[in-house]
Amino acid sequence: MNEFSRTQLLLGEKAMNRLASSRIAIFGIGGVGGYVVEALARSGVGALDLVDNDTVSLTNLNRQIIALHSTLGQFKVDVARDRILDISPSCRVQTYRTFFLPETASLFDFAQYDYVVDAVDTVKAKLELVLSAKEAGVPIISCMGAGNKLNPSAFRIADIYSTSVCPLARVMRSECRKHGIDHLKVLYSTEPPITPFVSGDEQPPDGKRSIPGSTAFVPSAAGLMIAADVISDLISQEIK
């Protein structure tokens, strides 16, 4: 008996061995990415690379699993690493206190990964992630917009060219066409974005006209769906 015995009852020993030997990179350890990390760690994935340069802030407390009053001000990758090791001490965790951008892409050898999860916010970073993963022949799943949403049941996993409604997916479709990317697995929402109430308490991040609203249940649902899809892809051969 071990911490993953109940999972093995459903997946079998071969699948669990496959997960234990897998290395997954998660770019963006926020509302969505934090739950991806949590589910992968609790599923027995053997190695996780965490990439984010942000620290936990007060406004993260409503939705991010790593956000607590006790973790305010700490680097998200450090908090996530400590949480992973408390769940699965044998997991090999690498942390990168950096934002993934075209300028930092050379820091990462994508060929070492079995899967890549894109949970970052900007189109520029997402596109560079997709191009890097495709060049290395590594599967990637990219999260589209999860902000300004209230309905977790509206999320779907599909090819980028089959998406609708989501404004971020529309921009990514255009960028993928420009760069000759003919396929990209994404998670997106069919729920039209809600216009957030105006608040004078916070200033929008650079490049954004407003701060996106969020809830506890939408980003978490997105992250868990992504993690489930990654696990399914990794073990598909072992459970046939």
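Serine 22 lies in the loop between helix H2 (13-20) and strand E1. Helices (H or I, at least four residues) and strands (E, at least two) are DSSP runs, numbered from the N terminus. The model is predicted: local features need pLDDT of at least 70, side-chain atom pairs count only at pLDDT 80 or more, and totals for chains, interfaces and linings use all residues. Residues are numbered from 1 along each chain as its sequence is written, and side-chain values use heavy atoms, with hydrogens and water left out.

Serine 22 has a relative accessibility of 0% and counts as buried. Buried means under 20% relative accessible area, exposed means over 50%, and partly exposed lies in between (1.4 Å probe, protein chains only). Residues up to four places away in sequence aside, serine 22 touches Val45, Gly46, Ala47, Asp114 and Leu234. Contact here means heavy atoms within 4.5 Å.

Arginine 63 is found in the loop between strand E2 (47-51) and H4. Its C-alpha atom is separated by 7.3 Å from that of serine 214, 151 residues apart along the chain. Not counting residues up to four places away in sequence, arginine 63 touches Gly31, Tyr35, Ser214, Thr215, Ala216 and Pro219. Glutamate 238 sits in the segment after helix H7 (218-235). Glutamate 238 is partly exposed, at a relative accessible area of 31%. Neighbours within four places in sequence aside, glutamate 238 is in contact with Lys14, Ala15 and Arg18.

Helix packing was examined next. Axes are lines fitted to C-alpha atoms, for helices over the stretch in contact, and angles run from 0 to 180 degrees between N-to-C directions. Angles under 35 degrees count as roughly parallel, over 145 as roughly antiparallel, 65 to 115 as roughly perpendicular and the rest as oblique. A crossing is right-handed if the near helix is turned clockwise from the far one by less than a right angle, and left-handed if anticlockwise.

The axes of H3 (residues 33-42) and H4 (residues 76-87) come within 9 Å and cross at roughly 20 degrees. H3 and H4 are therefore roughly parallel to each other. H3 passes H4 in a right-handed crossing. Val37, Glu38, Ala41 and Arg42 in H3 meet Arg83, Ile84 and Ile87 in H4. This contact has four nonpolar, no polar and three charged residues. Ala, Val, Leu, Ile, Met, Phe, Trp, Tyr, Cys and Pro count as nonpolar, Asp, Glu, Lys and Arg as charged, and the others, Gly among them, as polar.

H3 also packs on H7. Their axes come within 7 Å and cross at roughly 45 degrees. That makes H3 oblique to H7. The crossing of H3 and H7 is right-handed. From H3, Tyr35, Val36, Ala39 and Leu40 meet Ser220, Gly223, Leu224, Ile226, Ala227, Val230 and Ile231 in H7.

Helix H5 (residues 123-136) and helix H6 (residues 167-178) pack at an angle of about 50 degrees, and their axes are 11 Å apart. H5 is thus oblique to H6. The crossing of H5 and H6 is right-handed. Val123, Lys126, Leu127 and Val130 in H5 meet Leu168, Val171, Met172 and Glu175 in H6. The contact of H5 with H6 divides into six nonpolar, no polar and two charged residues.

Aromatic rings were then paired. Rings of Phe, Tyr and Trp (its six-membered ring) pair if their centres lie within 6.5 Å; planes under 30 degrees apart count as stacked, over 60 as edge-to-face and the rest as tilted. The count comes to seven aromatic pairs. The rings of phenylalanine 27 and phenylalanine 100 have centres 5.1 Å apart and planes at 75 degrees, so the pair is edge-to-face. Phenylalanine 27 is in strand E1 (residues 23-27), and phenylalanine 100 is in the loop between strand E3 (92-96) and strand E4 (115-118), 73 residues apart. Both phenylalanine 27 and phenylalanine 100 are buried. Phe27, Tyr96, Phe100, Phe108, Phe110 and Tyr113 form one aromatic cluster.

Backbone angles complete the description. Most residues other than glycine have a negative phi. Asparagine 148 has a positive phi, near 60 degrees. Asparagine 148 is placed in the loop between strand E5 (140-143) and strand E6 (155-159), and at 17% relative accessibility counts as buried. Valine 165 has a positive phi of about 70 degrees. Valine 165 lies in the loop between E6 and H6 and is partly exposed, with a relative accessible area of 39%.
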